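Dear colleague,

Please find below the structure that I am handing over to you, followed by an account of what was found in it.

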Amino acid sequence: MAREYMEILNRFRVLIIGRANAGKTTILQRVCNTVENPEIFDGNGEKIDTAVIQGTLERGYHNIEDELVFRSNSGFVFHDSSGFEAGSVQQFDKMKKFVIDHAAARPTPRYRYCIPMNEFGRTVTAAEKKFFNECDTGHVPVVVLLTKVDTLSLAAFEELVDEGLEEEEAEGRVTERETKLLEHWKTHIKHELDQCKFPPKFYLPLTKMCEESADCATLIQCTASALNEEGLERLLISTQQSSIALCIEYAMKK
């Protein structure tokens, strides 16, 4: 089964979704174990000169049909939705059309929705609710990634100081408070999105993504668990060149 998928595509395709500046590109770099930017190809397989579109990329504007491929791991093909906020009807419609158009693809793209924790005051906006109420990904589950989790440490520190603790004591209790904050907002996000028509399957906090050596094994394991077909699961694991331990773990389970 895995060989059949490899012959069809030989690569694992992922659409990463979410508002602008949610840390999407950083996640893709960590998954592919690189700090370099991806090469970009249009829908016809022609390479795009990134120097020409650099300004739009920095502002979070992407053509969802373009393929992003990192030299360090060409086993992944990524599609990046433009960061859409509430009211961005055109961008939302493009993303929804992509999902519908690729529903019959084999293998079907996987979907990752990023929600940044540095904006925990607006974790679930109208844009998130619109996506999970209107965008039916069929049998393909969506995984919500809580990004920029490390920024909660500052919020935790400020809370402790506001409660009257001295700075030194507050610093010693930041980790505990940060954990509580993350659990609170994760529970809140899950409560809001689980009520939608097409809710996510998993909610995964990502930490230390700003570090080049960040371990993405948990993300890959979560993705593998969300897959419904063993052939796809094998294909995903085979692309994860940076995690020998994960490959061994998968092989032992099977």
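To begin with helix α4 (residues 89-101), K97 and D101 are four residues apart there, which means that about one helical turn separates them. Their side chains meet in a salt bridge, with 2.6 Å from N to O. D101 is partly exposed, at 43% relative accessibility. Please bear in mind that this is a predicted model.

As a general point, side chains of opposite charge can pair when their charged atoms come close. How many salt bridges does the structure hold? The count is 15. One of them joins K24 to D80, whose closest N and O atoms are 3.2 Å apart. Since K24 belongs to helix α2 and D80 to strand β5 (residues 73-80), this pair ties together parts that lie 56 residues apart in sequence. K24 is buried, with a relative accessible area of 6%, and D80 is buried at 3%.

A further salt bridge is formed by R177 and E159, with 3.0 Å between the closest N and O atoms. This pair links distant parts of the chain, as R177 is in helix α7 and E159 in helix α6, 18 residues apart. R177 is buried at 16% relative accessibility, whereas E159 is partly exposed at 31%.

Just after α2 comes N33, with a positive phi of about 55°. N33 is located in the loop between α2 and β2 (39-41) and is exposed, with a relative accessible area of 51%.

Most residues other than glycine have a negative phi. N33 is not a glycine, yet its phi is positive. K148, likewise not a glycine, has a positive phi of about 55°. K148 is found in the loop between β7 (142-147) and α6 (152-162), and is partly exposed at 31% relative accessible area.

On the surface, E166, E167, E168 and E171 gather in a patch of negative charge. Of these, E171 is placed in helix α7 (residues 167-193) and is exposed, with a relative accessible area of 53%.

Finally, a word on the cysteines. C32 is buried, with a relative accessible area of 3%, and C135 is also buried, at 3%. The number of disulfides is zero, a disulfide being a pair of cysteine sulfur atoms within 2.5 Å.

Yours sincerely

Conventions. Residues are numbered from 1 along each chain as its sequence is written. This is a predicted model: local features need pLDDT of at least 70, side-chain atom pairs count only at pLDDT 80 or more; totals for chains, interfaces and linings use all residues. Side-chain values use heavy atoms; hydrogens and water are left out. Buried means under 20% relative accessible area, exposed over 50%, partly exposed in between (1.4 Å probe, protein chains only). Patches are made of residues with over 30% relative accessible area and no salt bridge: like charges are joined within 9 Å, nonpolar side chains (Val, Leu, Ile, Met, Phe, Trp, Tyr) within 5 Å. Accessible areas come from the Shrake-Rupley method with a 1.4 Å probe; for residues, only the protein chains shown count as cover. A salt bridge is a side-chain nitrogen of Lys or Arg within 4 Å of a carboxyl oxygen of Asp or Glu. Lys and Arg count as positive and Asp and Glu as negative; His and the chain ends are not counted. The place of a charge is taken as NZ of Lys, CZ of Arg, CG of Asp or CD of Glu. Helices (H or I, at least four residues) and strands (E, at least two) are DSSP runs, numbered from the N terminus.
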